[in-house]
Amino acid sequence: LLSLLAGVLLPQSGRVALGGVHWGDLRATARDRHRVDHVGYIFQQFNLLPYLTALDNVLLPCRFSARRREAAARNARSLRAEGQHWLAGMGLDASVWERPAHTLSVGQQQRVAAARALVGQPGLVIADEPTSALDEDRRDIFLDLLLSACAAAGSALVLVSHDRRIAQRFGREVSLPQINRAARAVEGDT
């Protein structure tokens, strides 16, 4: 589902659109450009570049997207200041901003990944199990930060989690088995 929303996979039937643009109408390179311009993604495994600093990881989307780079620059005096803003907004102390990602704790890496997803105000933030490595207190703090950051950036948030305890934090909850018509069709055939 997340790969369909992000245009990584194309549907076998039907259409998926983001910002009025149908993913299937775009060639692969145009899909990549549209994705980096409009989608911030918090991967379950974070996908930080281990040798880059926390700050450089946050600013990575701005290297690939002029739209996000311009949005980030409008919000701050410089790209670095915008990256620092999101790191601070995720509750990360300035002492870790210049440390390589591989030296950070799992919780710190998770917050760097969230800051990277939010820099440049993408229209959609997709979060794949973003709280799976956090204890209950840190999970709640992280969700507060993520929800307020998405609101500040004007970004829609699609969050996937097996943790049903966080469902009340969101305006809408959708159960994947309930919406998965393809699975029901296969089950009906057996």
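Visitor: What does glutamine 110 touch, not counting residues up to four places away in sequence?
Guide: This is a predicted model. In it, glutamine 110 touches Phe46, Glu129, Pro130, Thr131, Ser132, Ala133, Leu134 and Phe142. Glutamine 110 itself is found in helix 6.

Visitor: Why does glutamine 110 count as buried?
Guide: Buried means under 20% relative accessible area. Glutamine 110 has 0% relative accessibility, so it counts as buried.

Visitor: What makes helix 6 largely enclosed by the rest of the structure?
Guide: Helix 6 has 13 residues. Of these, 12 are buried, so the rest of the structure largely encloses the helix. Among the buried ones are Gly107, Arg111, Val112, Arg116 and Leu118.

Visitor: What covers the buried residues of helix 6?
Guide: The cover includes strand 3, helix 3, helix 4 (66–75), helix 5 (79–89), strand 4 and helix 7 (136–153).

Visitor: How do you know that the reach of helix 6 is close to the one expected?
Guide: Compare two values. From first C-alpha to last, helix 6 reaches 19 Å. At 1.5 Å a residue, 18 Å is expected.

Visitor: What follows helix 6?
Guide: Glycine 120 does, with a positive phi near 80°. Glutamine 121 also has a positive phi, near 50°, and it is a residue other than glycine. Glutamine 121 sits in the loop between helix 6 (106–118) and strand 4 (124–128).

Visitor: Why is glutamine 121 called partly exposed?
Guide: Buried means under 20%, exposed over 50%, and partly exposed lies in between. Glutamine 121 has a relative accessible area of 23%, so it is partly exposed.

Visitor: What makes the pair of arginine 80 and glutamate 98 a salt bridge?
Guide: The rule asks for a side-chain nitrogen of Lys or Arg within 4 Å of a carboxyl oxygen of Asp or Glu. Here the N to O distance is 2.7 Å, and the side chains meet in a salt bridge. Arginine 80 lies in helix 5 and glutamate 98 in the loop between helix 5 and helix 6, so the pair ties together parts 18 residues apart in sequence. Arginine 80 counts as partly exposed at 40% relative accessibility. Glutamate 98, at 44%, also counts as partly exposed.

Visitor: How do you know that arginine 139 forms a salt bridge with aspartate 163?
Guide: The limit is 4 Å. The closest N and O atoms of arginine 139 and aspartate 163 are 3.1 Å apart, and the pair forms a salt bridge. This pair links distant parts of the chain, 24 residues apart. Arginine 139 is in helix 7, and aspartate 163 is in the loop between strand 5 and helix 8 (176–179).

Visitor: Where does arginine 164 stand, buried or exposed?
Guide: Exposed means over 50%. Arginine 164 has 61% relative accessibility, so it counts as exposed. Glutamate 173, with a relative accessible area of 46%, is partly exposed. The side chains of glutamate 173 and arginine 164 meet in a salt bridge of 2.9 Å, N to O.

Visitor: Which residues do salt bridges that share partners join into one network?
Guide: They join Arg139, Asp140, Asp163 and Arg165.

Visitor: How much space lies in the largest pocket?
Guide: About 920 Å³. Of the 20 residues that line the largest pocket, the closest to its centre are Leu159, Val160, Glu173, Val174 and Ser175.

Visitor: Which element gives the largest share of the lining of the largest pocket?
Guide: Strand 5 does, with four residues. By class, the lining has 13 nonpolar, three polar and four charged residues.

Terms used:
Residues numbered from 1 in each chain as written. Predicted model: local features only at pLDDT ≥ 70, side-chain atom pairs only at ≥ 80, totals over all residues. Heavy atoms only, no water. Helix = DSSP H or I, 4+ residues; strand = E, 2+ residues; numbered from the N terminus. Buried < 20%, exposed > 50% of the residue type's maximum accessible area, 1.4 Å probe, protein only. Expected span 1.5 Å × (residues − 1). Contact = heavy atoms within 4.5 Å. 1 Å grid on protein atoms, 1.4 Å probe; cavity = no way out; pocket = protein on both sides within 12 Å on 5 of 7 lines; lining within 4 Å. Points joined across faces, edges and corners; volume = space filled by probe spheres on them. Nonpolar A, V, L, I, M, F, W, Y, C, P; charged D, E, K, R; others polar.
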